[in-house]
Amino acid sequence: MTSASQPLPPDVDADIFGQVRLGYVVVGSLRLDQWQRFATEAIGLHLAQASPDLLALRMDDHARRLLVERDAAEDVVALGWQLQDAGTLQAVMARLAGHGVRTEQIDGERAAARGVEALHRFTGPKGLSIELFTRPLLDDTPLQMPCSGFRTGAGGMGHISLMSREPQRSVAFWQQLFDARLSDRIELAAGSRVVLDVNFLRLNQRHHSVAIAATRGVAVDMFRTRIQHLNLEVATLDDLSAAYERCQQLGCRFARGVGQHPNDRELSFYVVTPSGFDLEIGWDALTVDEQVWQAGATYPNMSTWGHDIPGLFGNELSFGHLLRSARSLLRREFLPW
Ligand SMILES: [Fe+2]
């Protein structure tokens, strides 16, 4: 029996779908000058802090959304996930404990540097630091951005896409940690001999917060970076076209031109970040209505139109893709369980 003074144990089995969203993303890079120009002038984010070792960028009232810290990784190094409340956090912590995953609590200045009051972190898929928080630090300083805004809110700040050599275990990880739901799948030819299967996982009303791509047959990883792309969603079509124009004028390398995905219906384009992974800038991604959503669809193309660039999703894979694929066979992919 639990006395009135003791807190109730967390309900590990309670469904926490809808109570988790992407809160912040941390990039490790030595190219802070390039990142500052790219993030502010091309993407249109608000610069909150620029010091020799850290860039902090805002896209809404959160004090920090995209962070670039001085680190040789040239990759995404951490994902901050905002949980609805202390009960949700307790449930997730209990699940982690059940899987034998050790977490580290961070508060004070180190948490403030991430733009949150406190966080619990552990090493997640592919070595990404998974950081859990409930209370973001807010900043009411008016945003200075060359666009009307970004879509964040209950769906979080965007989505990530990564390639996995352990797709079933990767999907299970997000399902078991956050009660992720499979929105749909895409299977497509990448080059003449490779088939990619992509699973789109949603944690909330956003069609997907995590996409996991895998090669069918021999599982390889074609990318140097843990994250293949990060997606941010602008508020209006005018914002999307203006961002495209700015990226062109600044000489950004486009990974794919403008196009539309068949599943989340998002209109988007992809540019290569200073660290080498892609950033997708999109608009008008579908909001899932749980009452009517039909799961189980599989689409045969990544795009209903556009997104044209020769390379991975053109006819053939590049030499770099093949070399990285072969190298990936020499190492294990880390998953917490
Ligand atoms: Fe995407």
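View 1. His229 is buried, at a relative accessible area of 7%, where buried denotes under 20% relative accessible area, exposed over 50% and partly exposed in between (1.4 Å probe, protein chains only). This is a predicted model, in which local features need pLDDT of at least 70, side-chain atom pairs count only at pLDDT 80 or more, and totals for chains, interfaces and linings use all residues. Residues are numbered from 1 along each chain as its sequence is written, and side-chain values use heavy atoms, with hydrogens and water left out. The iron ion has as protein donors His159 (NE2), His229 (NE2) and Glu280 (OE), which lie 2.1 to 2.2 Å from the ion. Donors are N, O and S atoms within 2.8 Å of the metal (3.2 Å for Na, K and Ca); water is not among the atoms, so sites may look incomplete. Along the chain, the donors of the iron ion follow the spacing H-x69-H-x50-E. His159 belongs to strand 9 (residues 159–163) and His229 to strand 13 (residues 229–234), so the pair ties together parts that are 70 residues apart in sequence. Helices (H or I, at least four residues) and strands (E, at least two) are DSSP runs, numbered from the N terminus. His159 is also buried, at 3% relative accessibility.

**View 2. The nonpolar cores.** The largest nonpolar core contains 63 residues, and those with the most contacts inside it are Ile43, Trp81, Leu132, Trp174 and Phe178. A nonpolar core is a set of buried Ala, Val, Leu, Ile, Met, Phe, Trp, Tyr and Cys residues joined through side-chain atoms within 4.5 Å. Helix 1 supplies the largest share of this core, six residues. A second, separate core of 13 residues includes Val198, Ala213, Met222 and Phe223. In soluble globular proteins, nonpolar side chains tend to be buried together. Not counting residues up to four places away in sequence, Phe178 touches Ile16, Phe17, Val20, Trp81, Leu83, Val92, Arg95, Leu132 and Leu203; contact means heavy atoms within 4.5 Å.

**View 3. Helix 1 and the residue after it.** Within helix 1 (residues 32–43), Leu32, Trp35, Phe38, Ala39, Thr40, Ala42 and Ile43 are the buried residues. Gly44 follows helix 1 and has a positive phi, near 95°.

View 4. Helix 4 (residues 167–178) comprises 12 residues and reaches 17 Å from its first C-alpha to its last, close to the 16 Å expected at 1.5 Å a residue. The expected span is 1.5 Å times one less than the number of residues in the helix. Ser170, Val171, Phe173, Trp174, Leu177 and Phe178 are the buried residues of helix 4. Viewed down the axis of helix 4, its buried residues fall within an arc of 150°, so they line one face of the helix; the arc is that of the directions from the helix axis to the C-beta atoms. Asp179 follows helix 4 and lies in the loop between helix 4 and strand 10. Although Asp179 is not a glycine, its phi is positive, at about 60°. Asp179 counts as buried, at 18% relative accessibility.

**View 5. The surroundings of Ser183.** Ser183 lies in strand 10 (residues 181–190) and is buried, with a relative accessible area of 0%. The side chains of Ser183 and Arg202 are joined by a polar contact of 3.1 Å, and the Ser183 side chain reaches the backbone oxygen of His207 at 2.6 Å. A polar contact is a pair of N or O atoms within 3.5 Å; within protein, one must be able to donate a hydrogen and the other to accept it, and residues adjacent in sequence count only if both atoms are side-chain atoms. With its neighbours within four places in sequence left aside, Ser183 is in contact with Phe200, Arg202, His207, Trp293, Ala295 and Gly296.

View 6. Arg165 occupies the loop between strand 9 and helix 4 and is partly exposed, with a relative accessible area of 22%. The side chain of Arg165 reaches the backbone oxygen of Ser328 at 2.7 Å. In helix 6 (residues 319–328), the buried residues are His321, Ser325 and Ser328. They cover an arc of only 65° around the axis, which puts them on the same side of helix 6, whereas Phe319 and Arg327 are exposed on the other side.
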